[in-house]
Amino acid sequence: MIGNDWDKVLEIIENSEGFHKFYKVIENEYNQKTIFPPKGYIFNALKLTPYKNVKVVIVGQDPYHGEGEAHGLSFSVRKGIKIPPSLKNIYKELYDDLGITPPDNGELIKWAKEGVLLLNAVLTVEKDKPASHKNLGWEKLTDYIIKILNNKETPVVFILWGNFAKEKQKLITNKNHLIISSAHPSPFSAKYGFFGSKPFSKTNDFLIKNNIKPIDWDLKS
């Protein structure tokens with residue numbers, strides 16, 4: 001399904017009757033409605049960041065619901081698409097934290113290839129209907145992914161922005177890992193604790209302390 005080591009890690013889920021039934025529901029949605037991201041991009045986060053490479057997890061809620069925006073990575077949009085307000089604020093914090101000037105686009109593929117798993121809790125959405133696939137069943141899979149990463153002996157940084165992401169904290173019990181949580185980067189909440197939270201430098205400080213190569217957050221390099 002994924003094409004890398006995630007298939008082995010998620011084998012018990014992928015082969016389960018429950019997942020097959022659920023995925024038929026998703027396929028029906030694609031057949032009958034306009035669903036984002038395009039079907040081939042549903043598991044893009046897992047495809048671009050193999051299990052063995054995961055150093056950081058940034059938890060999002062569900063995909064962008066506008067035409068051409070979502071491509072399977074939390075907070076990321078394809079090149080040529082207007083940068084969403086939350087991502088603009090992420091870029092502002094990146095500059096304030098590390099002095100990195102952001103690119104002129106919202107594509108975060110480089111972060112994914114650096115080992116940042118950009119994981120939405122819900123992996124699909126109906127066009128122009130935010131949270132329309134919430135509680136369909138994706139959360140069972142993505143919570144399982146977080147639990148599997150929690151079992152990793154290698155330290156991982158979990159970045160939880162906003163109340164929805166913070167709910168996942170209960171799944172992260174391994175003392176080897178670091179949880180960085182703050183307000184959501186949305187314009188409605190960023191000034192209440194997201195700005196000034198320095199998640200990028202804190203992540204790299206932790207990785208370096210644990211003898212792990214830090215993330216190159218510069219999307220232009």
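A: Helices here are DSSP runs of H or I with at least four residues and strands are E runs of at least two, numbered from the N terminus. The model is predicted, so local features need pLDDT of at least 70 and side-chain atom pairs pLDDT 80 or more, whereas totals for chains, interfaces and linings use all residues. Residues are numbered from 1 along each chain as its sequence is written, and side-chain values use heavy atoms, with hydrogens and water left out.

The second largest pocket has a volume of about 150 Å³. A pocket is an open set of points on a 1 Å grid where a 1.4 Å probe fits, with protein on both sides within 12 Å along at least five of seven lines, and its lining residues have an atom within 4 Å of a point. The volume is the space filled by probe spheres set on the points. The lining of this second largest pocket consists of Ile13, Ser16, Gly18, Phe19, Phe22, Gly137, Lys140 and Leu141. The largest contribution is that of α3, with three residues. By class, the lining of the second largest pocket comprises four nonpolar residues, three polar and one charged; in this scheme Asp, Glu, Lys and Arg are charged, and Gly is among the polar residues.

Helix α7, covering residues 138–150, also contains Asp143. The side chain of Asp143 forms a polar contact (N or O atoms within 3.5 Å) of 2.7 Å with the side chain of Lys168. Leaving aside residues up to four places away in sequence, Asp143 is in contact (heavy atoms within 4.5 Å) with Lys168 and Leu171.

Strand β2 (56–60), helix α5 (85–98) and helix α8 (162–166) each contribute at least two residues to the lining of the largest pocket. The largest share, three residues, belongs to α8.

Strand β2 and helix α5 also take part in packing with helix α9: the buried residues of α9 pack against β2, α5, α6 (109–114), β5 (157–161) and β6. Those buried residues (under 20% relative accessible area) are Pro199, Phe200, Ser201, Thr203, Asn204, Phe206 and Leu207.

The backbone around α9 deserves attention as well. Most residues other than glycine have a negative phi, and most peptide bonds are trans. Lys198, however, has a positive phi of about 55°. Lys198 sits in the loop between β6 (178–182) and α9 (199–209), and its relative accessible area of 38% makes it partly exposed. Just after α9, Asn211 takes a positive phi of about 60°. Asn211 is exposed, with 75% relative accessibility, exposed being over 50% and partly exposed the range between the two limits. Elsewhere, a cis peptide bond links Phe36 to Pro37, with omega about -5°. Pro37 is placed in the loop between β1 (35–36) and α4 (44–48).

Definitions and conventions. Polar contact = N/O pair within 3.5 Å; in protein donor to acceptor, adjacent residues only side chain to side chain. Buried < 20%, exposed > 50% of the residue type's maximum accessible area, 1.4 Å probe, protein only.
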